[in-house]
Amino acid sequence: MVKIRDSDPKRSSPNQQDVKLQFGKKSWPATIIYNPSSKNTFILAGWNSFARASKLEAGDVCVFELVNKKDLFDVHICRAQC
């Protein structure tokens with residue numbers, strides 16, 4: 001599960017990583033952080049730009065596929081109208 005946070009990170013953490021979110025032929029920089037106690041991953045920065053550019057709406061579902069086993073996620077979007 002990926003949870004979205006609106007605030008940008010102010011400091012680096014060992015569980016924090018810069019990644020790219022790819023949709024179609026475009027990509028956007030983002031920052032994610034893993035919380036080992038809850039085993040959740042959060043998107044801290046870059047989400048708003050990605051969401052606006054990909055025209056996400058309430059009810060849309062995003063599936064994140066790690067493409068290069070490092071820092072590139074191909075984002076598959078199922079629109080609420082699916």
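## Fold, strand pairing and cysteines

In the protein chain, 39% of the contacts between residues at least 6 apart in sequence join residues at least 24 apart. The model is predicted. From the N terminus, the order is β-β-β-β-α-β-β.

Next, the surface. Of the 82 residues in the protein chain, 27% are buried. The chain exposes about 5900 Å². Carbon and sulfur atoms supply 50% of that area.

Strand E6 spans residues 72–78 and is mostly covered. Five of its seven residues are buried. E6 pairs with E2 and with E5, as the table sets out.

| Strand paired with E6 | Sense | Bridges | A bridge partner pair |
|---|---|---|---|
| E2 (residues 16–23) | parallel | three | Leu21 and Phe73 |
| E5 (residues 61–66) | antiparallel | six | Phe64 and Val75 |

E5 and E6 also form a hairpin, with five residues between the strands. There, Lys69 takes a positive phi near 60 degrees.

Now the cysteines. How many disulfides does a search of the whole structure find? The search finds zero. Cys62 is in no disulfide. The nearest cysteine sulfur belongs to Cys78 and is 9.8 Å away. Cys62 counts as partly exposed, at 22% relative accessibility. Cys78 also counts as partly exposed, at 36% relative accessibility.

Technical notes: Residues are numbered from 1 along each chain as its sequence is written. This is a predicted model: local features need pLDDT of at least 70, side-chain atom pairs count only at pLDDT 80 or more; totals for chains, interfaces and linings use all residues. Side-chain values use heavy atoms; hydrogens and water are left out. Helices (H or I, at least four residues) and strands (E, at least two) are DSSP runs, numbered from the N terminus. Buried means under 20% relative accessible area, exposed over 50%, partly exposed in between (1.4 Å probe, protein chains only). Contact means heavy atoms within 4.5 Å. Accessible areas come from the Shrake-Rupley method with a 1.4 Å probe; for residues, only the protein chains shown count as cover. A disulfide is a pair of cysteine sulfur atoms within 2.5 Å. Two strands pair if DSSP finds at least two bridges between them.
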